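I opened this model to look up its strands and helices. My notes follow, in the order in which I took them.

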Amino acid sequence: MMLSQGAAAGQSAGIQMKCLYCGLPDCNLEKIYKRTGTGPKYICFYCEFTERFTVVDLAKKIGVSSTYLKSQIENMEFFKTFYIERGIDVNNAPLGYLELEICGLCSMPITRNTSAEDHNSTAMHSSGLIKKCNKGCGRYIWIMSLHEQYCKKSCEYEGCKKKYDRTDVHFEKDHKPFFCPIVGCDKGFPPDNIEQICTHIVKTHLLHTVQSFLRRKSLKLWKTSLTM
Ligand SMILES: [Zn+2]
Ligand SMILES: [Zn+2]
Ligand SMILES: [Zn+2]
Ligand SMILES: [Zn+2]
Ligand SMILES: [Zn+2]
């Protein structure tokens with residue numbers, strides 16, 4: 001199923017599609033989308049294994065144990081309508097595939113574990129034009145831009161919604177948010193709302209295959225019909 005659909009995706013419109021993660025053209029590409037509707041991007045058969053973002057990965061990102069997170073996720077509304085089933089394999093079942101950081105100069109995705117120096121040379125940005133933002137967001141930015149001057153974290157407490165410097169006393173005195181751990185994200189959440197944090201990461205920062213939606217939707221319908 002995945003192979004045949006992937007092959008079609010790789011050849012569409014005669015344009016050479018490439019895997020978002022390894023950058024290689026491959027005949028086994030599968031389309032992946034953000035929940036927000038953006039895409040498609042493509043993932044190859046090999047990266048589909050290496051890039052799987054599982055419950056274990058999500059737990060590591062937010063600093064809780066995977067056993068605890070699994071028990072929480074099983075009761076979260078968002079995941080019930082999505083695809084988490086009781087007994088999920090926390091090590092292997094993909095929640096999606098984590099987005100890549102985007103270069104602030106050429107807007108190209110930067111493959112994982114690539115340093116700013118490496119990107120500068122591969123993208124031929126002459127004399128080190130890109131560096132990592134050191135104001136807390138971790139984005140690859142163009143050093144001539146004003147980014148760091150405006151790099152803020154946003155406070156998502158009800159009724160607050162303000163943007164501050166990461167080091168602002170607001171985060172010490174008034175609100176102590178849990179900042180989204182994904183590089184480049186400025187969102188902070190009330191730390192006790194693990195559902196909001198998980199939902200945000202999966203909806204905002206992961207890409208998903210269409211098949212996973214369809215399969216799970218029909219599975220859900222099928223289960224509903226069984227219980228009626
Ligand atoms: Zn790949
Ligand atoms: Zn670039
Ligand atoms: Zn920044
Ligand atoms: Zn606040
Ligand atoms: Zn985020």
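I began with strand S1 (residues 30–34) and strand S2 (residues 41–43), which pair in the antiparallel sense over three bridges. Helices (H or I, at least four residues) and strands (E, at least two) are DSSP runs, numbered from the N terminus. Two strands pair if DSSP finds at least two bridges between them.

I noted that this is a predicted model, in which local features need pLDDT of at least 70 and side-chain atom pairs count only at pLDDT 80 or more, while totals for chains, interfaces and linings use all residues. Residues are numbered from 1 along each chain as its sequence is written, and chains are lettered from A and ligands numbered from 1 in the order in which they are written.

Which residue in S2 stands opposite Lys-31? I found Tyr-42 there. The hairpin of S1 and S2 has six residues between the strands, and Gly-37 in this hairpin takes a positive phi near 100 degrees.

I then followed S1 to strand S13 (residues 206–209); the two run antiparallel and are joined by three bridges. Ile-32 has Thr-209 in S13 as its bridge partner.

**Helices H3 and H4**

I looked up helix H3 (residues 55–62) and helix H4 (residues 66–73), whose axes come within 9 Å and cross at roughly 110 degrees. Axes are lines fitted to C-alpha atoms, for helices over the stretch in contact, and angles run from 0 to 180 degrees between N-to-C directions. H3 and H4 are therefore roughly perpendicular to each other (65 to 115 degrees).

H3 makes the contact with Val-55, Val-56, Leu-58 and Ala-59, and H4 with Ser-66, Leu-69, Lys-70 and Ile-73 (a contact has C-beta atoms, placed from the backbone, within 7 Å).

Are Val-55, Val-56, Leu-58 and Ala-59 of H3 buried or exposed? I found these residues of H3 buried (20 or more other C-beta atoms within 10 Å of the residue's own). They cover an arc of only 160 degrees around the axis, which puts them on the same side of H3; the arc is that of the directions from the helix axis to the C-beta atoms. Strand S3 (52–53), H4 and helix H9 (194–205) are among what covers the buried residues of H3.

Just after H3, I noted Gly-63, with a positive phi of about 75 degrees.

**Whole protein**

I read off 10 helices and 13 strands for the protein. Of its 228 residues, 24% are buried.

Notes:
Buried ≥ 20, exposed ≤ 12 C-beta atoms within 10 Å, placed from the backbone. Parallel < 35°, antiparallel > 145°, perpendicular 65-115°, else oblique. Contact = placed C-beta atoms within 7 Å.
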